[in-house]
Amino acid sequence: MKIIQLGRESAAEFWRLRLLLFKELGEVADDTNPHGLEAATRAYYFAHTGKDLVTWGVPDGEQLAAIGSLSLFERAPYQENPTGKEGYLFNIYTCPAFRKQGFATAIVKEIIRYASDASIKRLWL
């Protein structure tokens, strides 16, 4: 399995998998096409990728089979985290046809490795 870090060119796939996640959770009805949410999501992705948003995916040809994101932020330093660097894991999703193959687990492990290398002391789910 190959896990890749996604760049700005992956905005369409970020949105596609996020929409699938929302539909599966019942947050967006199957028969709706949320153009406003899509535009806002793409704007967020472009504004934050390469700054305080890091996203990984498992490719399957031209599309992604799975995705996971890490939003980076800083808090005031405290005893257990003197750097104040923290991260929020979100958008962890695997397309139904690719489940039970360990894709989400591998992405979460990659996020944890990245966080450790970047001295991020706390991750939130």
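Trp 56 is buried, at 2% relative accessibility. This is a predicted model.

**The ring pairs**

Which kind of aromatic pair do Trp 56 and Tyr 114 form? The pair is edge-to-face. The centres lie 5.3 Å apart, with 70° between the planes. It links distant parts of the chain: Trp 56 sits in strand β2 and Tyr 114 in helix α3, 58 residues apart. Tyr 114 is partly exposed, at 21% relative accessibility. The cut-off for buried is under 20%, so Tyr 114 does not count as buried.

The model holds 5 aromatic pairs. One of them is Phe 14 with Tyr 45. Their ring centres are 4.6 Å apart and their planes meet at 35°, so this pair is tilted. Phe 14 belongs to helix α1, and Tyr 45 belongs to helix α2 (residues 35-48). They are 31 residues apart. Phe 14, Tyr 45 and Phe 46 make up one aromatic cluster.

Here are relative accessibilities for the ring residues discussed so far.

| Residue | Relative accessibility | Class |
|---|---|---|
| Phe 14 | 1% | buried |
| Tyr 45 | 0% | buried |
| Trp 56 | 2% | buried |
| Tyr 114 | 21% | partly exposed |

**Thr 55**

Thr 55 lies in strand β2, which spans residues 53-60. Is Thr 55 buried or exposed? Thr 55 is buried, with a relative accessible area of 2%. Its side chain makes a polar contact with the side chain of Ser 69, at 3.0 Å.

How many strands form the open sheet? There are 5, in the order β1-β2-β3-β4-β5, and the pairing is mixed. β1 (4-6) and β5 (122-124) stand at the edges. Each has a single partner strand, so one side of each is left without a neighbour in the sheet. On average, neighbouring strands are turned by 30° against each other, direction ignored.

β2 pairs with β3 (residues 63-74) in the antiparallel sense, over 8 bridges. Across this pairing, Asp 60 has Gln 63 as its bridge partner. Val 54 stands opposite Leu 70. The hairpin of β2 and β3 has 2 residues between the strands, and Gly 61 takes a positive phi near 65° there. β3 also runs antiparallel to β4, again joined by 8 bridges. In that pairing, Glu 74 stands opposite Lys 85.

α3 has 15 residues. From first C-alpha to last it reaches 21 Å, close to the 21 Å expected at 1.5 Å a residue. Which residues of α3 are buried? They include Phe 103, Ala 106, Ile 107, Ile 111 and Ala 115. An α-helix has 3.6 residues a turn, so residues three or four places apart point the same way. The cover over the buried residues of α3 includes β2, β3, β4 and β5. Just after α3, Ser 119 takes a positive phi of about 60°.

Technical notes: Residues numbered from 1 in each chain as written. Predicted model: local features only at pLDDT ≥ 70, side-chain atom pairs only at ≥ 80, totals over all residues. Heavy atoms only, no water. Helix = DSSP H or I, 4+ residues; strand = E, 2+ residues; numbered from the N terminus. Buried < 20%, exposed > 50% of the residue type's maximum accessible area, 1.4 Å probe, protein only. Polar contact = N/O pair within 3.5 Å; in protein donor to acceptor, adjacent residues only side chain to side chain. Pairing = 2+ DSSP bridges. Axes fitted to C-alpha atoms, helices over the stretch in contact; angles between N-to-C directions. Expected span 1.5 Å × (residues − 1). Contact = heavy atoms within 4.5 Å. Phe/Tyr/Trp six-rings, centres within 6.5 Å; stacked < 30°, edge-to-face > 60°.
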